[in-house]
Amino acid sequence: MSKRLAEVFTRCKAENRSALVGYLTAGDPSVKISEKLMHSLAEHVDIIEIGLPFSDPMADGPVIQAASERALAAGTHFDDVLHIAKRIREKHPEIGIVLMGYANVPYTIGIEDFSKRASTVGVDGVLLVDIPAEESGLCADIFKQYGLSQIMLLAPTSTEERIQLAAAVGDGFIYYVSLAGITGAEMGEVAKIKDKLSLIRQYSKLPICVGFGVKTTKQAADLASFADGVVVGSHFVSQITSNPGTEDVMVNNLSASASALASAMYKAK
C-alpha cells in the first residue's frame, strides 16, 4: 500500500473515525477555479479523488458527466490534472491523492509515462473504473514500480470469487459501490451495505471505503459507523452547478458542505 494512504487510515483509526474521501473532476468549471475548489475540499478531507475528465464516463451519473463535459470544454489536459495534484500535494502533504477515471487516459498517454508523471507530483493511487480485478495485471507491475496503489471497485453484485480476486490484487483501499447503478443515484440500503462489508472483510484486510449516492450528513454518519471511509462525489460536484459563475460562493459552499459531512462523521463511532 502507498505509505501515505496507509498513514491516512492509521491516523483516522487512532482518532476513532472514518476517513472522508472527496471527489471533484479536474478542470471543472475551469482549471483555475478547479484548483481553488480542490484546495478548499482538501482542507476537510483525508483523501482527495481527482477525476480525470473523460467523454464517455460509463459509471457516472448526470452530475459528474456534466462535470467532465465542462472540464473538457474548458480545454483541460492531463498536464492540468497533474498541475492541480502537484499544488494540492505542496499545500497538503498529509492527505492521500488518488486519480480516478477510465483506462483510455493512461492508455493514450502510455501507462508508464502516466504512472511516472503521476508519482512525481505526489499521487498515491489510481482507480480506473473499467479495469476490473481480472484485468488488473495490465497496470499492476507499472503502478507498483512507481509506488501507486491500484484501487479496486466492488459492488453489491460482486460474487465471493470476485471479492477474493479484488482482495488479492487491490491495494490502498477497496472502494465499495453502495448500489448497483451510477454515481449520484440514491444510496443503497445501509443494512445491506454493512452485510456486504462484513463479507469483504473475510477476504481482505484493506480499508473499505463506501461511495456512490452519499449526499447527506446522516448518510455519511450511518456509513462512518462501520466503514473505514466514506466517499462523496456528486454532492460536492453539485456545489459547482448550483452556484454557476460565482467563484467565491462555489468555494464557500463546497467548504461548508465538506465541513458538515466531516463533522457528522466524527461523531459516528
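The following questions and answers concern selected features of a predicted model.

Visitor: On what basis are residues numbered and values computed here?
Guide: Residues are numbered from 1 along each chain as its sequence is written, and side-chain values use heavy atoms, with hydrogens and water left out. This is a predicted model, in which local features need pLDDT of at least 70 and side-chain atom pairs count only at pLDDT 80 or more, while totals for chains, interfaces and linings use all residues.

Visitor: At what angle do the axes of helix α3 and helix α11 cross?
Guide: Two packed helices are described by the angle between their axes and the distance between the axes. Helices (H or I, at least four residues) and strands (E, at least two) are DSSP runs, numbered from the N terminus; axes are lines fitted to C-alpha atoms, for helices over the stretch in contact, with angles from 0 to 180 degrees between N-to-C directions. The axes of α3 (residues 62-73) and α11 (residues 234-241) come within 9 Å and cross at roughly 55°. Angles under 35 degrees count as roughly parallel, over 145 as roughly antiparallel, 65 to 115 as roughly perpendicular and the rest as oblique, so α3 is oblique to α11.

Visitor: Which residues of α11 meet α3?
Guide: Contact means heavy atoms within 4.5 Å. From α3, the residues taking part are Val63, Ile64, Ala67 and Arg70. Their partners in α11 are Ser234, Val237, Ser238, Ile240 and Thr241.

Visitor: Which residue forms a salt bridge with glutamate 35?
Guide: Side chains of opposite charge can pair when their charged atoms come close. A salt bridge is a side-chain nitrogen of Lys or Arg within 4 Å of a carboxyl oxygen of Asp or Glu. Here the closest N and O atoms are 3.4 Å apart, and the partner of glutamate 35 is arginine 87.

Visitor: How many residues apart are arginine 87 and glutamate 35?
Guide: Arginine 87 belongs to helix α4 (residues 78-91), and glutamate 35 to helix α2 (residues 31-42).

Visitor: Is glutamate 35 buried or exposed?
Guide: Buried means under 20% relative accessible area, exposed over 50%, and partly exposed in between (1.4 Å probe, protein chains only). The relative accessible area of glutamate 35 is 12%, so this residue is buried.

Visitor: Which helices does the salt bridge of aspartate 79 and arginine 117 tie together?
Guide: The side chains of aspartate 79 and arginine 117 meet at 2.2 Å, N to O. The two residues are 38 residues apart in sequence, and the helices that hold them are α4 and α6 (residues 111-120).

Visitor: Where does valine 126 lie, and which residues is it in contact with?
Guide: Valine 126 is found in strand β4 (residues 125-128). At 1% relative accessibility, this valine counts as buried. Leaving aside neighbours within four places in sequence, valine 126 is in contact with Val98, Leu99, Phe114, Phe143, Leu148, Ser149, Gln150 and Ile151.

Visitor: What is the phi of phenylalanine 212?
Guide: Phenylalanine 212 lies in the loop between β8 (208-211) and α10 (217-224), and at 7% relative accessibility counts as buried. Although phenylalanine 212 is not a glycine, its phi is positive, at about 80°.
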